[in-house]
Amino acid sequence: MAEGKIKEGLIERLEEINAITNNLKLKSKSGLLSSQEIDMRIECHTECNVTEEPAAAGTRRQSREIERTTSGTMTQNSCKAKGPSSDDSKCKGTVVITGDKENYNSTDILECEPSSVDSPTTIPDSTSPDPLNPTEHAEAEDAETVRRAREEGRVDVVFPRPVTQDGCCRFVGEILKCILYQRQQLPMTYEQLVFSQRRRQAVMENEVVGWRPGESTAAGLDWRRCQRTLLDLDELLQQLDLLFSLSLVPRVLLLLGGSPQLPNEVYEVNMERVVLAGSDRSLRASACLRQLFRTLFVADLLSDTKPVRLTTTTVMVLAHRDCGAAWFRPRLEFKVPTRVKSKIIGLSCNQSTDGGSTGGEGQSEWQDYVWFQAPLAIKGFNK
Amino acid sequence: MNAIVNPALNSIGNYKPSVTQNMEADRMEEGDLKQNSIDVNTVHVEVHIKSNSTAKRSEVKTHVLTLLNRHCMVLGVYRWTEFDEDFLTKHVQSVAIVDAERKPIDLKSCCLSVHLFTLNEDGPCTLTLEEDQELPAANHWLLPAAEFHGIWESLVYDNGVKTQLLDYVSTTIYFSDKNVNSNLISWNRVVLLHGPPGTGKTSLCKALAQKLSIRLSKRYSYGQFVEINSHSLFSKWFSESGKLVTKMFQKIQQLIDDKEALVFVLIDEVESLTAARNASQAGTEPSDAIRVVNSVLTQLDQIKRHSNVVILTTSNVTEKIDLAFVDRADIKQYIGLPSAEGIFNIYLSCLEELMKCQIICPRQQLLTMFELETMGFRKCNVSELSLVLRNISIKSIGLSGRALRKLPFLAHALFVKSPTVSLEAFLGAMELAVDKQMEESANLLNAV
């Protein structure tokens, strides 16, 4: 339960960051939320509107929370035995990350971590802004990111060091969850849904009263659909996890609507230039996630003004021909749809800093890689 | 009936084992093969690859060819489902020699045309127009679809209707490939199937699309089958219906734009979209309906410029269809009620299936019509049951294909009281069921 709450917090807080960059959007979206989180959100929102200073303070506070929750979940993930992490372990997580950063020379940070430099949203408490990185530089980079996202539909995230295969899987999972929410296929974020689902289950158990017609509409959510979607999504994420352990995955496509040949929207996560390494020599997934989502929200790639209707989301994964994935269905004839403008999230690692860790396989041609389609598509729902 | 092999069909991606082993070369050979096909028979081999197989297609093809080399004498249509080679067992569902005559074929002397395909197990996707979200304007399938598998074999028609249709579409594509000037020689890519209900027109359309997407898999990487819900194209707003039709065709246009795809558009019960315009002069049709007809006609003219589209239409009441539309159809194929021979074949396949599922037990061999004919319909203990079946077939003339296919079911439900039954008893039950069916239709007519 506690873990659920923390997880639930993560994306939701990330959303808050987005709210700052995209103030208007929040207004419409908060209308969709039904749980108690609304109050908090609106409060934060009004804060933003009144004056500049408290808003900044508010975000700083929230960013700290993100910091904590991210690292909190990470420590939990890496060592399950710890259980609900105490404040100490959370802080420890943060310290480790920042410690990582300090091992690098400043140019690396300048190049790869504009996020941690300029904006107050992602600065952990222990790092003070580096004097060598002028904020103008970071701003210019942000502007460039926004321009590229708008004109080319592409966002590039360069991690300063190699990452783990596990990490890549988490990136894809989080991006999927984020896209589902941002493109209005889920009424609230995945974590919130899980949370409210659990809370409801607890209530149901206490009440003993069976299901009554009309109840679902009263609560504002179709619980069975919600449960269905969550189950599907969980299964998909699990299988992705498995697939990532079987094969390198250079590309993942998220296809919204239409058919696989002619989708309405295409999102690609390109990891061809990611350098992989063991967990001892690579970045923590939490740090990468922070950088990734910071860049995504700055670029505003996902929140199109174009409204979307409820549809299905299909996941296509490029993996090795002989990886032996049983759940995914091979689609040898599949070609990446070209007539739909796809939005690309390019993940890569800074090669120069990578001291000897091979990404050998990453460099080779991808000719023995074929597309696999997830046999279940995520059906969107809004109520 | 398949003796005359269409050169167009042969020329698309043929393979001749003795000529070359190079897989990629087969499309280059088109020119040669056209001459070859006059004296060499083409045998189509369909290789159904398991949907979870990731093997390289070229590798599968080599293995299949070695298999065919080992078994080079086959008797007409044949299907391998079990293989002694591990590779084939692992990756291939079945290898089938299809659409051949019932006579011994020496594969060595034939031109082999190997078609590899996997079935798409996804259900249909829906195509919605912007306005009406609830009702999908069309369903579309990715071909070859698991849903359509086996329909082609299950349809039995006389006079080679199936082959003709196959040849027609192949010629269409052949002409487009050769850049024949469509102003001089015009073809509209429209097929109209008409006839009484229950004769399998819609099924035939689906089967044809499936078959072609397999046959032409070298030319087009996949097929799309779009089934238009014609009633969804009528708007509640006056004057909007015509626009909906245009919108629908715009969506189809998007599918056609992908030159890798072969697009089949099925307009079922086409009379609802192209009702005769002169009927509206009587004032029974609103003028909006006329706009729909106009819109459909102009859109069809637009679409026919593209080489990778085929429009399949079906209708029960041809006289109600607008003449301008009928005129646009290249093939107006009448699909009639099956003849006694057709009925015999349908029953035969039904009984085979029941024996396979061990509902009819023990298994007994039934002779085909061809075999009966060569025996001169002489009565002996081998042919006895087959002759009974022939009599039932003659008795059931006048029933539609749909009625025939459900007859064994009715026979079992009404007249067989045990879970398993002998063939002889079952034939008796079928005869009773036919009588009952006839009686019912007579009663219906009397009531009217």
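**Figure 1. Asp368(A) and its salt-bridge partner in the predicted model.** At 29% relative accessibility, Asp368(A) counts as partly exposed, in a model that is predicted. Its salt-bridge partner is Arg321(A), and the closest N and O atoms of the two are 3.5 Å apart. The pair links distant parts of the chain, 47 residues apart. Arg321(A) sits in the loop between β4 (312-320) and β5 (329-331) of chain A, and Asp368(A) in the loop between α14 (360-363) and β7 (369-373). Arg321(A) has a relative accessibility of 13% and counts as buried, because the cut-off for buried is under 20%.

**Figure 2. The salt bridge between Arg363(B) and Glu352(B).** In chain B, Arg363(B) forms a salt bridge with Glu352(B), with 3.6 Å between the closest N and O atoms. Glu352(B) belongs to helix α11, while Arg363(B) lies in the loop between α11 (340-356) and α12 (369-374). The two residues are 11 apart in the chain. Glu352(B) is partly exposed, at 31% relative accessibility.

**Figure 3. A network of charged residues in chain A.** Glu144(A), Arg147(A), Arg148(A), Glu151(A), Glu152(A), Arg154(A) and Asp156(A) are joined into one network by salt bridges that share partners. One of the pairs is Glu152(A) with Arg147(A), whose closest N and O atoms are 3.9 Å apart. Glu152(A) is partly exposed, with a relative accessible area of 35%. Arg147(A) is also partly exposed, at 32%. Over all chains, the count of salt bridges is 32.

Figure 4. Arg189(B) is in the loop between α6 (161-177) and β9 (190-194) of chain B. The residue is buried yet has no salt bridge. The nearest side chain of opposite charge, that of Asp330(B), is 7.4 Å away. The side chain of Arg189(B) does make a polar contact with the side chain of Ser176(B), at 2.8 Å. A polar atom of the Arg189(B) side chain also lies 3.0 Å from the backbone oxygen of Lys304(B). Other residues that Arg189(B) touches include Tyr168(B), Thr172(B), His306(B) and Val310(B).

**Figure 5. Leu347(A) in the largest nonpolar core.** The largest nonpolar core has 64 residues. Val252(A), Met271(A), Leu292(A) and Leu347(A) touch the most other members. Among the residues in contact with Leu347(A) are Val157(A), Phe159(A), Phe171(A), Met271(A) and Leu292(A). A second, separate core of 37 residues includes Val190(B), Leu192(B), Ile303(B) and Ile311(B).

Note on methods. Residues are numbered from 1 along each chain as its sequence is written. Chains are lettered from A and ligands numbered from 1 in the order in which they are written. This is a predicted model: local features need pLDDT of at least 70, side-chain atom pairs count only at pLDDT 80 or more; totals for chains, interfaces and linings use all residues. Side-chain values use heavy atoms; hydrogens and water are left out. Helices (H or I, at least four residues) and strands (E, at least two) are DSSP runs, numbered from the N terminus. Buried means under 20% relative accessible area, exposed over 50%, partly exposed in between (1.4 Å probe, protein chains only). Lys and Arg count as positive and Asp and Glu as negative; His and the chain ends are not counted. A salt bridge is a side-chain nitrogen of Lys or Arg within 4 Å of a carboxyl oxygen of Asp or Glu. A polar contact is a pair of N or O atoms within 3.5 Å; within protein, one must be able to donate a hydrogen and the other to accept it, and residues adjacent in sequence count only if both atoms are side-chain atoms. Contact means heavy atoms within 4.5 Å. A nonpolar core is a set of buried Ala, Val, Leu, Ile, Met, Phe, Trp, Tyr and Cys residues joined through side-chain atoms within 4.5 Å. Lists of a residue's contacts leave out its neighbours within four places in sequence.
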